[in-house]
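Thank you all for coming.

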Amino acid sequence: MIAPPPQPVLFRVNQVGYVQGAPKRALAMSAGPVRARAFTLIGPHGRVVLRGAARGPARWNARYVVYTLDFSGVRAPGRYTIAFAGRRSPPLRVAGAAALYGPLSANAASFFATQRDGPEYVPGPLRSAPAHLRDSAAAVYAQPSYRGETLIGGLSATGARVDAAGGWFDAGDYLKFVQTASFNDAALLFALRSYPAGVADRAGLEAQARFGTDWLLKMWDQADRVLYYQVGIGDGNERSILGDHDVWRLPQADDARSPKPGAPAYYESYRPVFAANAPGAPISPNLVGRTAAAFALCAQVFAHSDPAYAHRCLLAGQTLYDQANASPRGALLTTSPHAYYNESEWRDDMQLAATELYLATQQALGLSASASPAAPAVEAGGVAPGSAPPPAAAGLPHTDLGYYLTRAGVWANAYIVARGSGADSLNLYDVSTLADHDLIAILQSALGRSLVAGEEGVQVPASPASLLKDRADQLRLAVRLARQEPFGLANPSTNLDTVAHALGYAIQARLYDEQAGAGTFAAFAAQQLDWVLGANAWGSSFVVGAGGVYPHCLAAQIPNLAGSLTGRGAILRGATVNGPTAPAELRGLELPEGARRCTAGSGRFAALDGHGMAYRDDVRASASSEPSDDLAALTLLAAAQTAAGG
């Protein structure tokens, strides 16, 4: 494939638009240095409203250098263009945060509706039937063994059956994991609780979050104290057992077949469920922490609208939390195979769970964060001795807030001192940002301070100041990384998980500024979100339906088989793809058997690769073009947060 000749100037902007009061910048890719770096911003009526000088150039690849054009001084809403180096940019929009980012949060919620499995699917252009109805009486199997991503041996049934129907498809395939579903549900619930003003469709998002929690409650057997962590297998042994990844089809096709036991495709239609533990035995702390946190956030969000449901969530979260293996050895249990999601950190999960359980229990006890508990009547913020707990707290294993506050502090400190901590953004593998944010708020509240300073003082080896400093240190590292990249991407993995890290840092930076009462990282937060939405080398938004250029050829079965391949009509709106990645991940691409061929702009995108990153909008390029639930959850949280911020 012959790459097109370099264009004199290519403009790269946030295609969704720029928030009126926020920092603003565009980028220009030039085929070599320009003589004059002056640029002008032209307003709706053709008048010049701002003049400036471009910063740069920074070398991107053999073809292009990059200039940065800052126009933060413009606050008036409207459509503008930039004139630079004899060229004019496409129109760019300046508007209020809610107008720009409210639709983005609504689209992300609609993505989760399309990803629904089971009988409660949402009919629409991409979904015409329920799927995997046999999951309602799924057989349980012993944890399988894998070498890399190849199944070793067969599967061994335990004789048990569970109702595992519902839940979300994890990504472009049809597997369901507690590892990811718990993160996604927690992010949706966090957005509902913390940024209700930024959620365009609260009822719709509540419905999606509750759907996610409903499935997690199914996966936790409260009676037998067993956590089921996975439904389906992605990869078999390539001979006698096929996995989900071996067949490209619509999800309802699995119900239409009835393969016999022993047939290679048997486990595609009769999907196995795997348990994380024997009844009552300890459970991998990453799974416990993030799932208990989702249950606790559920209790907070639904406390007033559905108290009975909130109580069920809180009881499940408290019980599950007590079963964590607090001294894990070897690889954490994530998915089978572990290579799908090779998480290694877990202390942040346990901190998040303890923090959210504190807040949910406080709410159930009817205690205000601004009030101090009466020392003789309430021990460490719990129930007065000899008195009955409020109905919302009845039957809970723990009504002592000190129990959770102590553990939140211990795990926060353990995370801070752990090797390698602080080198990641908020994402599927690191939720310390959310945990620290809520723990700081607790320690700064009157109730939290009284628990620490009381006669039976709760020992918390972390202070608001130390936690904020740790947050700031992580962000300063990210800012240094961004300065080394011409488009300002902060990515600790250099060329992997780029979109996830950009979204995570955007959220993390805003959370810090909110809590610190400063705008220290406002420009950095805007820069990361700009990059995701088009201000990158490829000039593409990585969120489907956001902006004018976005992915058309998703490495996902439902949109590929049931949707449009042109970017118009029936698209998986709100999906967020992996984005730019290591070039080696995009070599030797093969079309999945049964997939519709789709490639958009490959030659054009290839000419724009640089700095060890490559991007393809191609159904064959799953490393670049596969959407996943955790990315959509981050997009939703970032959009709600931005919209609420004004």
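I will go through the strands, then the nonpolar cores, and then one arginine.

What we have here is a predicted model, in which local features need pLDDT of at least 70 and side-chain atom pairs count only at pLDDT 80 or more, whereas totals for chains, interfaces and linings use all residues. Residues are numbered from 1 along each chain as its sequence is written, and side-chain values use heavy atoms, with hydrogens and water left out.

Let me begin with an open sheet of four strands, which follow the order β1-β3-β7-β6 with antiparallel pairing. Helices (H or I, at least four residues) and strands (E, at least two) are DSSP runs numbered from the N terminus, and two strands pair if DSSP finds at least two bridges between them. At the edges are β1 (9-12) and β6 (55-59), each of which pairs on one side only. Strand β6 is joined to β7, residues 65-70, by three bridges in the antiparallel sense, and within that pairing Arg55 has Thr68 of β7 as its bridge partner.

Turning to β10, residues 92-95, we find that this strand pairs in the parallel sense with β2, residues 18-19, over two bridges, while three bridges join β10 to β8, residues 78-84, and these two run antiparallel. Val94 of β10 stands opposite Tyr18, and Val94 is also the bridge partner of Gly78.

Now to the nonpolar cores, meaning sets of buried Ala, Val, Leu, Ile, Met, Phe, Trp, Tyr and Cys residues joined through side-chain atoms within 4.5 Å; buried means under 20% relative accessible area, exposed over 50%, and partly exposed in between, with a 1.4 Å probe and protein chains only. The largest core has 183 residues, and those with the most contacts inside it are Tyr101, Phe524 and Trp538. Helix α6, residues 285-301, gives the most to this core, with eleven residues. Apart from it lies another core of 21 residues, including Phe39, Tyr67, Ile82 and Phe84.
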